[in-house]
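Please look over the sequence and the structure shown here.

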Amino acid sequence: MNTYLFVYDLMQFCGHSWIFTNMIIRFMSFGKDSLADTFYSIGLVMRLCQLLSILEILHILTGIDKSRLFPRILQIAERIIILFVVINSQEEVQGKYVVCVLFFLWNLLDVVRYTYNMLARMGIYYLPLTWLNFSLCIPLYPLSVLAKAFAICVSLPYFESFGTYSIKLPFPFAFSIYFPYVLKMYLLVLFIGMCFIIQNLFSERKAHLGTGNIKKKRS
């Protein structure tokens, strides 16, 4: 199982490293022009990485990963909803700068996280990397939530215009789902979930970076 988890982390590391490097190189080469077509150039790999991350829920359920289940479900669900439901379904949103910002934050966090995970599978704990893994997410995760919320706000006019995912059942049911309302309600859920996840991030940081744990990892 440890070998399997290492291979999984390696695959995710390669995917997110490719995306992160590609974004930086494209920005250095083409400047602001590269931001508008970020989704078109790296969207496929990004979607594959996020779909693959669903396995992490199974890892926790089967007991091979000791992470907490509910926070992980929230984080994965947030990305799946924003990437596949909001961005992927609206071509007009895909060219917005917020998509580039969101991808940059996600991949920066994941490159650090999967690097830490791979080394941890081998029993290697590099203190600066450990500190970075459990500290970087605390300021960057709220920023990513703000970017997700902004992406939803940007997408609302297009969902209203095109009626994507809105459902109106014929008589005698007289029942309808107006999807922009669903997204507006999800904004509230997103910020409530953020408070819970930030609390969990702080507890994880304390558990791994406490004085006693640092001494154990150094020894």
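Predicted model: local features only at pLDDT ≥ 70, side-chain atom pairs only at ≥ 80, totals over all residues.

Beyond the helix comes Gly123, which has a positive phi, near 80°.

The description now turns to a pair of helices. Two packed helices are described by the angle between their axes and the distance between the axes. For α1 and α7, the axes come within 8 Å and cross at roughly 150°. The contact of α1 with α7 comprises, by class, 15 nonpolar, seven polar and three charged residues. In handedness, the crossing of α1 past α7 is left-handed.

Both helices also take part in lining the largest pocket. The space within this pocket amounts to about 1000 Å³, and 48 residues line it. Ser67, Arg113, Asn117, Phe134 and Glu204 are the lining residues that lie nearest the centre of the pocket.

Which helix gives the most to the lining of the largest pocket? It is α7, with 10 residues. At least two lining residues each come from α1 (2-30), α3 (38-52), α4 (55-61), α5 (69-87), α7, α8 (127-162) and α9 (179-209). Sorted by class, the lining of the largest pocket holds 21 nonpolar, 13 polar and 14 charged residues.

Technical notes
Residues numbered from 1 in each chain as written. Heavy atoms only, no water. Helix = DSSP H or I, 4+ residues; strand = E, 2+ residues; numbered from the N terminus. 1 Å grid on protein atoms, 1.4 Å probe; cavity = no way out; pocket = protein on both sides within 12 Å on 5 of 7 lines; lining within 4 Å. Points joined across faces, edges and corners; volume = space filled by probe spheres on them. Nonpolar A, V, L, I, M, F, W, Y, C, P; charged D, E, K, R; others polar. Axes fitted to C-alpha atoms, helices over the stretch in contact; angles between N-to-C directions. Left-handed = near helix turned anticlockwise from the far one by under 90°.
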